[in-house]
Amino acid sequence: MENPEALDENTLHGEKGFLSKHEKYLGEFVYGGIDGCVTTFAVVAGSVGAGLDSSIIIILGFANLFADGFSMSIGAYLSSKSQIDNFHKHQEIEYWEVKHIPETEKDEIRSIYREKGFEGEMLERVVETITEDKDRWVDVMMKEELEMMKDKKSPHIIAGTTFFSFLLIGFIPLLVYVLDYITSIGQHLFFLSSLMTGAGFIIIGALKTYVTNTNIWKGILETLFLGLIAAVVAYYVGDFLEKLITGGF
């Protein structure tokens, strides 16, 4: 019969592994969601400020949602891919140096660990332990000399998570207008959209604090403030342009 304590420990490690596998992409989900919600709500607010019809708001909102979401996901993919390529390029250089100029690389390892406080026989033992395995040797050089760590996240999943989050959270400001188009809600559409968007900002702000390890209220208020500023600017820019074009001044 299995030891209950061992079973609980295995279960805990299993859950931790499952969560860790998915948590590493939470940052992309959070920042994709924030950008999606802010930009789409800005489009809605600007359109309302310009006095545009609900059908126009839906068209502009969805055009912005998919175009900006795709652009942001492509940017996230290219950024992640370039970091990985840069890491591998420097890694190949380190492997070449370890193979062709090992004594120079050993001196670099020795210098690194001397600065960490190792000296004498202990220092030489550390150098020997590290340099007896080429993979470990290169890994130490990448971390200690170049301060580069391999990103284990997939660029494709980063892009997909960013795009999905942008669409999911960015759709919230448009939801009321879509429902009104289908069922005719009536008045106060912008007010209702603002309330739902505020709820979206609260959710995504709370998730942001999980990623950044900051105070939850600080994260929520920062996100709400960001959305409010974007909405106010967009609303009054739309109102100004509408009056400028129609001669309403």
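**Notebook: a chain of helices**

I started with T161, which is buried, with a relative accessible area of 15%. Buried here means under 20% relative accessible area, exposed means over 50%, and partly exposed lies in between, with a 1.4 Å probe and protein chains only.

The model is predicted, so I noted its terms: local features need pLDDT of at least 70, side-chain atom pairs count only at pLDDT 80 or more, and totals for chains, interfaces and linings use all residues. Residues are numbered from 1 along each chain as its sequence is written, and side-chain values use heavy atoms, with hydrogens and water left out.

**Entry: T161 and its surroundings**

I placed T161 in helix α7, residues 155–170. Helices are DSSP runs of H or I with at least four residues, strands are runs of E with at least two, and both are numbered from the N terminus. What does T161 touch, not counting residues up to four places away in sequence? I found Y25, E28 and F29. Contact means heavy atoms within 4.5 Å. I also checked G27: T161 and G27 are 134 residues apart in sequence, but their C-alpha atoms are 9.4 Å apart in space.

**Entry: the whole chain**

I counted 10 helices and zero strands in the protein chain. Along the sequence the pattern reads α-α-α-α-α-α-α-α-α-α. The protein chain has 249 residues, and 36% of them count as buried. Next came the contacts between residues at least 6 apart in sequence: 74% of these join residues at least 24 apart.

**Entry: α2 against α9**

I took helix α2 (residues 26–49) and helix α9 (residues 189–212). Their axes come within 9 Å and cross at roughly 160°. Axes are lines fitted to C-alpha atoms, for helices over the stretch in contact, and angles run from 0 to 180 degrees between N-to-C directions. α2 and α9 are therefore roughly antiparallel to each other. Angles over 145 degrees count as roughly antiparallel, under 35 as roughly parallel, 65 to 115 as roughly perpendicular, and the rest as oblique.

Which hand does the crossing of α2 and α9 have, left or right? α2 passes α9 in a left-handed crossing. The residues of this contact divide into 17 nonpolar, six polar and one charged. For these classes, Ala, Val, Leu, Ile, Met, Phe, Trp, Tyr, Cys and Pro count as nonpolar, Asp, Glu, Lys and Arg as charged, and the others, Gly among them, as polar. A crossing is left-handed if the near helix is turned anticlockwise from the far one by less than a right angle, and right-handed if clockwise.

In α9 I picked out S193. S193 is buried, at a relative accessible area of 0%. Beyond its neighbours within four places in sequence, S193 is in contact with F41, V44, P173, V176 and Y177.

**Entry: α2 against α3**

I then turned to α3. α2 and α3 pack at about 150°, and their axes are 10 Å apart. That makes α2 roughly antiparallel to α3. Here α2 passes α3 in a right-handed crossing. On the α2 side, the residues that meet α3 include Y31, G32, D35 and T39. On the α3 side, those that meet α2 include I57, L60, G61 and N64. By class this contact has eight nonpolar, six polar and two charged residues.

I also looked at S71 in helix α3. At 48% relative accessibility, S71 counts as partly exposed. S71 and F163 are 92 residues apart in sequence and 8.7 Å apart in space, C-alpha to C-alpha.

**Entry: nonpolar cores**

A nonpolar core is a set of buried Ala, Val, Leu, Ile, Met, Phe, Trp, Tyr and Cys residues joined through side-chain atoms within 4.5 Å. The largest such core has 15 residues, of which I109, Y113, I130, W137, V140, M141 and M142 touch the most other members. I traced its suppliers: α3 (54–100), α4 (102–115), α5 (120–131) and α6 (134–145) each give at least two residues. α6 gives the most, with five. Apart from this core lies another, of 11 residues, among them V30, V38, I169 and I204.

Leaving aside its neighbours within four places in sequence, M142 is in contact with F87, H90, Q91, E94, E147 and M148.

**Entry: two loop residues**

E147 sits in the loop between α6 and α7. E147 is not a glycine, yet has a positive phi of about 55°. Is E147 buried or exposed? At 67% relative accessibility, E147 counts as exposed.

S184 lies in the loop between α8 (172–183) and α9. S184 is not a glycine either, and has a positive phi of about 60°. At 58% relative accessibility, S184 counts as exposed.
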